[in-house]
Amino acid sequence: MSTTLSDDLTRLSAVQMADRLADGAITSEQLTQAHLDRIVRLNPTLNAYLLVDPEGALATAREVDRARAAGEDLPRLAGVPVAVKDIACTEGMTTTAGSRMLADFVPPYDATIVTRIRDARMPILGKTNMDEFAMGSSTEHSAFGPTRNPWDLDRIPGGSGGGSSAAVAAYLAPLAVGSDTGGSIRQPAAVTGTVGTKPTYGAVSRYGVIALASSLDQIGPCARTVADAALLHEVLAGHDPMDSTSIDAPVPDVVGASGTTDLTGLRVGVVREISGEGFQAGVQARFDEALDQLRALGAEIVEVSCPHFGYAMAAYYLILPSEASSNLARYDAMRYGLRETPEGSPSAEQVMAASRDAGFGDEVKRRIILGTYALSSGYYDAYYGQAQKVRTLIARDFEAAFEQADVLVSPTSPTTAFALGDKTEDPMAMYLNDIATIPANLAGVPGMSIPSGTADEDSLPAGLQILAPAMQDQRLYAVGAALEARLRETQGGYVIEQAPEIEVRA
Amino acid sequence: MSTQTAAGAEKTVPFEEAMSRYEPVIGLEVHVELGTRTKMFCGCATGFGADPNTQTCPVCLGLPGALPVVNATAVESAIRIGLALNCEIADWCRFARKNYFYPDMPKNFQTSQYDEPIAFEGYLDVEVPPREGLDEEPFVFRVEIERAHMEEDTGKSTHVGGATGRIHGASHSLVDYNRAGIPLIEIVTKPLTGAGERAPEVAKAYVGALRDLLRALDVSDVKMEQGSLRCDANVSLMPTGSERFGTRTETKNVNSLRSVERAVRYEMTRHAAVLDAGATILQETRHWHEDTGITTSGRPKSDADDYRYFPEPDLVPVAPSREDVERLRATLPENPAQRRRRLQEEWGYTDLEMRDVVNAGAAEVIEETVAAGASAAAARKWWMGELARRAKTAGEGGASVELLDLGVSPAHVAELDGLVTSGRLNDSMARQTLEGVLAGEGTPTEVADARGLELVQDDGALQAAVDEVIAANPDVVEKIRGGKVQAVGALIGQVMKTMRGQADAGKARQLILDTLGVEG
Ligand SMILES: [Zn+2]
């Protein structure tokens with residue numbers, strides 16, 4: 001195993017990168033180039049990036065270096081490169097949402113989070129792979145091929161944000177942006193040994209982020225450490241007048257919280273309904289050990305019950321497809337996107353039908369049909385209406401649980417990374433990956449996944465999920481940081497450091 | 001089934017005959033484009049007539065990722081409309097998505113309101129004027145309003161290559177998204193019964209009254225010909241005495257007040273023919289043809305049309321506080337019909353005079369003229385007389401213009417009236433002065449000064465002229481002394497001539513009679 005100097009640069013945490021940039025030890029150009037070099041070498045194997053933008057990234061990097069040389073006051077992450085999930089619109093840069101439908105779509109505008117990243121002067125390395133329109137838990141539903149898990153190239157990197165998680169886990173980026181509708185940031189983090197946060201609904205602007213399910217979607221950071229995630233969280237979050245559902249309140253001090261080392265007096269709730277049965281032994285074992293470490297940090301562990309969580313999956317798979325069926329109606333080949341023109345002189349309607357047939361993959365079609373059905377008159381009350389009621393009950397479950405506990409914890413995902421192709425033929429098995437993560441989206445509360453270790457049976461990483469009440473995102477970072485530090489001590493390093501070297505495949 | 005003629009007209013029965021057997025039920029859906037500066041959910045401009053697709057952005061083009069933000073002014077306008085229609089205002093309501101595919105709708109759903117309209121359960125009392133040639137009183141019909149809700153307009157499709165401008169037969173279509181996202185208020189009446197044979201007139205009177213109301217609220221330019229006020233008319237018939245509504249048709253594209261009346265009347269006579277033949281009315285949309293005065297079949301419509309409505313998750317609920325609603329209520333203008341009655345009383349006009357004034361659109365200018373100090377009679381005389389005549393032909397190529405576009409202001413007319421009542425000008429001089437004002441020579445006083453128009457106030461000069469004329473016309477003097485006082489007119493004319501028009505004719509008359517010792 002031989003590492004070059006630039007490989008060493010990519011191994012730094014974002015905090016370390018920011019510090020070294022600030023004290024002039026390295027330049028952003030060096031740092032950005034180091035990542036670009038690694039991407040060139042490894043991305044053909046991993047397929048984490050759908051698009052790489054060396055010119056744009058290096059231009060930003062050089063600007064930052066110039067500004068720093070001129071003594072300008074710069075944001076904390078200025079010059080630290082970042083990857084953006086291909087669900088966020090980037091002006092002049094192809095944005096596909098992992099779909100054939102948008103294979104050639106070049107947005108004329110930046111999503112608000114992209115503007116914030118540019119304002120933070122972070123070089124954007126490129127756009128990361130994802131399940132088509134964020135529908136999936138394995139990134140196998142991308143129209144541009146699956147992303148491979150850096151821990152085991154024959155396994156999935158999670159989904160829908162497998163590109164972002166794999167990029168961060170494989171040191172192809174120190175930080176990445178993800179989106180989480182039912183677990184698409186947290187589950188990929190869990191199966192790649194990385195950290196991912198779904199902030200409180202409304203904490204981060206959705207403007208310019210291609211919608212899957214408007215009432216569930218939330219944007220958040222992917223990183224290798226809790227402190228790194230906090231820095232990106234701070235860049236992304238904040239009120240946006242362009243998003244009516246955006247929270248108009250100060251961003252919680254997540255960066256400050258990520259320095260927490262002591263949890264004395266903190267009540268940590270274990271949700272009876274999302275642990276134990278159905279969870280892989282190694283995942284459950286690391287979770288149970290983590291509870292011991294939380295106790296050692298001074299926290300009190302209490303068991304709480306959320307009786308309606310059992311209905312979360314059913315409600316989620318009615319609400320999500322309903323909203324998605326409407327959100328995806330705009331892809332009709334009339335103004336942009338793939339256009340398929342049938343023989344003869346077809347009507348606009350025939351062009352729409354042919355284009356949607358050719359542009360959407362099976363999973364997208366499956367969910368559009370589900371949603372169209374659930375919203376149909378005569379079925380609306382029984383499906384969409386009932387699902388909304390369940391949603392209210394789940395929110396109440398959370399409220400009751402947060403009376404007894406300051407945060408809740410669970411395993412993030414029932415299993416470690418499964419093999420590519422394992423579940424593509426069984427949608428229900430695929431959906432079950434998100435059983436622990438979905439309730440947070442339904443209730444709008446924030447959640448984070450941090451690595452809890454590796455499972456004994458397969459040596460693959462397992463994740464621990466932390467949930468907090470709405471607008472208390474800083475609690476995730478406090479608990480996450482303290483536990484991360486403790487596990488690092490007891491396990492002899494970060495979990496991600498156990499990842500094997502990636503072997504380049506032709 | 002009724003037979004179709006070559007022209008597309010279907011069989012009808014004479015109106016009176018139809019009314020002898022059936023009762024109409026009508027319902028009116030009016031779409032009003034609000035005159036807000038920006039669109040319903042984005043910051044794009046709303047001006048009419050801009051180059052196609054120049055007033056668009058990611059939001060109103062439905063680009064991936066774009067999100068709506070509600071236009072607060074549009075919500076206020078909606079609330080004011082609701083209040084003016086005596087509606088309840090929701091204290092909490094949501095937008096909903098109406099899902100259907102159409103190329104002029106960028107998101108393939110329209111952001112609208114469904115079961116939670118901003119305003120509901122109101123009414124508008126409309127005055128239906130007497131019928132032509134009938135000596136009858138106008139009557140007031142209460143139109144019950146079911147709801148008024150907010151939504152966004154669609155883009156505008158132009159179908160090219162076909163014969164009729166319709167999509168059928170067209171080779172391609174052009175879409176202009178400037179109109180997409182313009183704020184609309186849809187105002188829906190309850191099914192209106194009891195109007196009987198006056199139903200077509202009620203329909204027209206309602207749309208007219210609504211238009212006046214919206215204009216008074218200053219929320220829309222309510223131009224039916226430009227589509228900023230659009231009316232769909234639902235019509236059904238039921239046998240006289242029945243209470244079960246018949247199947248309805250919805251006639252679209254009714255773009256003038258006159259058409260509203262004609263379209264409803266036509267559909268009533270067509271329905272009667274279908275029902276007479278024992279056939280059933282097809283529930284469908286119909287297209288109104290202004291030129292031929294008929295409707296033709298559009299697309300079938302049924303209550304089962306499934307728009308898969310659900311609450312718009314990208315928007316937060318609209319929840320106006322009671323204080324906001326009361327603040328908006330305080331901004332409501334006087335109801336146009338009430339205002340008309342009040343003004344008529346204040347001005348002392350007859351019903352006929354008032355109706356002429358309203359029909360000529362002169363009520364506002366007269367009100368302003370009176371406010372500027374003129375008498376109501378004088379204001380009516382000038383605006384409805386000389387100025388109305390000129391307005392008819394003052395436009396380009398002899399077209400008509402609005403009264404206020406003539407270049408004479410209410411203040412000018414009041415000033416002119418002041419010059420007459422103060423005795424400086426007589427009627428003929430006032431007309432000459434007005435001529436000068438119209439020609440842009442200045443204010444009435446400036447024109448009168450410049451043209452040297454002023455009654456001679458010197459009684460000595462007038463007496464001299466009177467004496468001269470009396471001496472020169474012994475025969476006329478004879479007649480007057482003999483009791484034919486009206487002959488004095490001939491002498492007045494000569495006095496005015498002698499005075500070169502610069503005399504007060506009334507004063508001259510009095511002086512002649514006094515000189516002759518005759519009682520006027
Ligand atoms: Zn716009």
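**Labels and their grounds**

Guide: Let us begin with Asp406(A), which lies in the loop between helix H14 (381-404) and strand S9 (407-411) of chain A, where helices (H or I, at least four residues) and strands (E, at least two) are DSSP runs numbered from the N terminus. This is a predicted model, in which local features need pLDDT of at least 70 and side-chain atom pairs count only at pLDDT 80 or more, while totals for chains, interfaces and linings use all residues. Residues are numbered from 1 along each chain as its sequence is written, chains are lettered from A and ligands numbered from 1 in the order in which they are written, and side-chain values use heavy atoms, with hydrogens and water left out.

Visitor: Why does Asp406(A) count as buried?

Guide: Buried means under 20% relative accessible area, exposed means over 50%, and partly exposed is in between, with a 1.4 Å probe and protein chains only. Asp406(A) has 17% relative accessibility and therefore counts as buried. Not counting residues up to four places away in sequence, Asp406(A) touches Gly265(A), Leu266(A), Arg267(A), Pro469(A) and Arg475(A), contact being heavy atoms within 4.5 Å.

Visitor: What makes Pro252(A) partly exposed?

Guide: Pro252(A), in the loop between helix H8 (226-236) and helix H9 (254-257) of chain A, has 21% relative accessibility and so counts as partly exposed. Leaving aside neighbours within four places in sequence, Pro252(A) is in contact with Met471(A), Asp473(A) and Gln474(A); the C-alpha atoms of Pro252(A) and Gln474(A) are separated by 5.7 Å, although the two are 222 residues apart along the chain.

Visitor: How do you know that H8(A) is mostly covered?

Guide: Nine of the eleven residues of H8(A) are buried, among them Val226(A), Asp228(A), His233(A) and Leu236(A). Just after H8(A), Gly238(A) takes a positive phi of about 135 degrees.

Visitor: What makes chain A agree with a compact globule?

Guide: The radius of gyration is taken over C-alpha atoms, and the globule rule is 2.2 Å times the number of residues to the power 0.38. For 506 residues a compact globule would have a radius near 23 Å, and chain A has 21 Å, which agrees. The C-alpha trace of chain A spans about 65 × 55 × 45 Å along its principal axes, and 62% of the 506 residues count as buried.

Visitor: Why is chain B called more spread out than a compact globule?

Guide: Chain B has 16 helices and 14 strands. Its radius of gyration is 30 Å, well over the 24 Å that the globule rule gives for 520 residues, so chain B is more spread out than a compact globule. Taken along the principal axes, the C-alpha atoms of chain B fill a box of roughly 95 × 55 × 50 Å, and buried residues make up 48% of the 520.

Visitor: Why are H2(B) and H5(B) called roughly perpendicular?

Guide: Helix H2 (residues 72-84) and helix H5 (residues 322-329) of chain B pack at an angle of about 70 degrees, with their axes 9 Å apart. That makes H2(B) roughly perpendicular to H5(B), since angles under 35 degrees count as roughly parallel, over 145 as roughly antiparallel, 65 to 115 as roughly perpendicular and the rest as oblique. The contact is made by Glu76(B), Ile79(B), Arg80(B) and Leu83(B) of H2(B) and by Val325(B), Arg327(B), Leu328(B) and Arg329(B) of H5(B).

Key: Axes fitted to C-alpha atoms, helices over the stretch in contact; angles between N-to-C directions.
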